[in-house]
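Here is a short report on a protein model. Look at the structure first, then read on.

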2 protein chains.
Amino acid sequence: MLTRTCLALAFLLALPAMAEEAKKSPTPKELLAKSTPAEWRTPDPQNLVYMDLPQGRVIIELAQDWSPLHAANIRTLIREHYFDGTQIIRVQDNFVTQWGDPDGDDKKKAKSLGTAKETLAPEFTRKGGKAYPFTKLPDGDVYAPEVGFSEGFPVARDGKGGAWITHCYGTVGVARDTGAETGNGSSLYAIIGQAPRNLDRNLAVAGKVIKGMEILSAYPRGGEPMGFYDKPEQRVTIKSVRLAADVPEAERTPIQVLRTDSKTFAAVIDAKRNRRDDFYTRPAGKIDLCNISVPVRDPSKKP
Amino acid sequence: MLTRTCLALAFLLALPAMAEEAKKSPTPKELLAKSTPAEWRTPDPQNLVYMDLPQGRVIIELAQDWSPLHAANIRTLIREHYFDGTQIIRVQDNFVTQWGDPDGDDKKKAKSLGTAKETLAPEFTRKGGKAYPFTKLPDGDVYAPEVGFSEGFPVARDGKGGAWITHCYGTVGVARDTGAETGNGSSLYAIIGQAPRNLDRNLAVAGKVIKGMEILSAYPRGGEPMGFYDKPEQRVTIKSVRLAADVPEAERTPIQVLRTDSKTFAAVIDAKRNRRDDFYTRPAGKIDLCNISVPVRDPSKKP
């Protein structure tokens, strides 16, 4: 066993190493381990969608405050089992994975939308309205005057009161036809590549994938233009889509999301902006909105 | 057959529609169809790497002018058949697909590098040197003072003479250990998600995938931390890696790349910045470096 003198000596000898250590940026894991319970939120089960695929469960959080009409219509479609048995119809590399009724464009064959609406007001942009939380990022953006996070979603603002959820990796959007009101939520897409920010304000954002992106991003790309599958057998069939609220509490997937207005989220972003460790010797000093992923955890597991 | 009067009438009737048409941005396909042969280049076969996988061929163009030491070492490794039988060892979602010797980190088991060098000067940044072409983009960048394209590669500049190829979708980098000189090209990675620009200047860029990204991006993600496969049988084995120069000319894959200093490339970028058609009613008016893909064509096919 070490003597006290010996320990003190060891401490002194360790000082330069500790100073070196101090220059290192903490890892997200270290920062998350120090987070407080209040910094995590449990998404409203009315906004949580479980999409069960043969490869596992994808969980989507609906952007209720950003596209309420679409969220309501999607809930109706889910509750009337519209999505059960629909398919992954399109995977375009570095762009989107899209699902829905493969015959959705054929009026004669298309699955009935039940009591859901066939057209909806666009909800491409949120204009004013009630105040919403916004945590601004410091490094600017190529596409918009201001970007940051709001209630877990990556958001851009036009500086004139207009705001929208941006198309980042994992963003779930509402597929539509050429008319702005033709989207109804019966066909959705998730972004699986470099953020196609040119889609912003041209489509309604329904929400974002908070778990299971590694399933949606790894499907074979379709051989037809726009990534549609050329053979029907290539399409993966969706087992079921349910709202967490409709699943008995004991059977729900435990999930919490780090609050994007929390100190720990700010620290995670800062550590990523100024990443400095044995490997990264040249911190970027900057970060782009879509390079930030919002941490998610399973609260049933020990942190 | 239509009479002359009838044709004139048809022309007049068509005018409003033509004015409408004029507002639409041309598609890349339309622009490429009008390109001239001189706007396309055939990559030097000494810089073209064919990586043959069970799922098909991936073609990488080496960045000879940006990382010549790495290009030379990779050529040596290829010519001594180092890569044949190596594997896809890691697929981390929204980040990288990496290949090489699964036992590369174990000195006792690692495959011999043959006459290739084990360490190389980093080549993370190009400093001055001979002039190189640079086509600047107009919309700025979150990470660097200046971005654009050089000889097909996405490039950032620090405004002080330093330049580097950026980590965009499809960029191929040199995996390394913690020491800056520990990369030698025997393990490479391709970016398969949102551009991780924080890697810029921390790793050497070997080149970029110009064909076959849809293969590298669709492998199942690994279950271990950093996307390493937890079971050896999950790894895909590389059939062979060859230089186009070493393949008989008749057996090479015909491929041409649009020159990034051409008028047509500028027009493609502008059309994407200001996309306006029946679907996109709100052009972004901007574009980020990594949202631009450089067109590639098969010259043996009719344009």
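On the surface, B:D103, B:D105, B:D106 and B:D177 gather in a patch of negative charge. A patch joins residues with over 30% relative accessible area and no salt bridge; like charges are joined within 9 Å, and nonpolar side chains (Val, Leu, Ile, Met, Phe, Trp, Tyr) within 5 Å. A salt bridge is a side-chain nitrogen of Lys or Arg within 4 Å of a carboxyl oxygen of Asp or Glu. B:D103 lies in the loop between strand 5 (96-100) and strand 6 (126-127) of chain B.

This is a predicted model: local features need pLDDT of at least 70, side-chain atom pairs count only at pLDDT 80 or more, and totals for chains, interfaces and linings use all residues. Side-chain values use heavy atoms, without hydrogens and water, residues are numbered from 1 along each chain as its sequence is written, and chains are lettered from A in the order in which they are written.

Now to chain A. Chain A has five helices (DSSP runs of H or I, at least four residues) and 17 strands (runs of E, at least two). Its C-alpha atoms fill a box of roughly 85 × 45 × 40 Å along the principal axes. Of its 303 residues, 49% are buried.

The whole structure holds eight aromatic pairs over all chains. One of them, A:Y82 with A:F83, is edge-to-face, at 5.3 Å centre to centre and 85° between the planes. Ring centres in a pair lie within 6.5 Å; planes under 30 degrees apart count as stacked, over 60 as edge-to-face and the rest as tilted.

Buried means under 20% relative accessible area, exposed over 50%, and partly exposed in between (1.4 Å probe, protein chains only).

| Residue | Relative accessible area | Class |
|---|---|---|
| B:D103 | 30% | partly exposed |
| A:Y82 | 5% | buried |
| A:F83 | 1% | buried |

Technical notes: Areas by Shrake-Rupley, 256 points an atom, 1.4 Å probe, with all protein chains shown as cover. Lys, Arg positive; Asp, Glu negative; His and termini not counted. Charge placed at Lys NZ, Arg CZ, Asp CG, Glu CD. Phe/Tyr/Trp six-rings, centres within 6.5 Å; stacked < 30°, edge-to-face > 60°.
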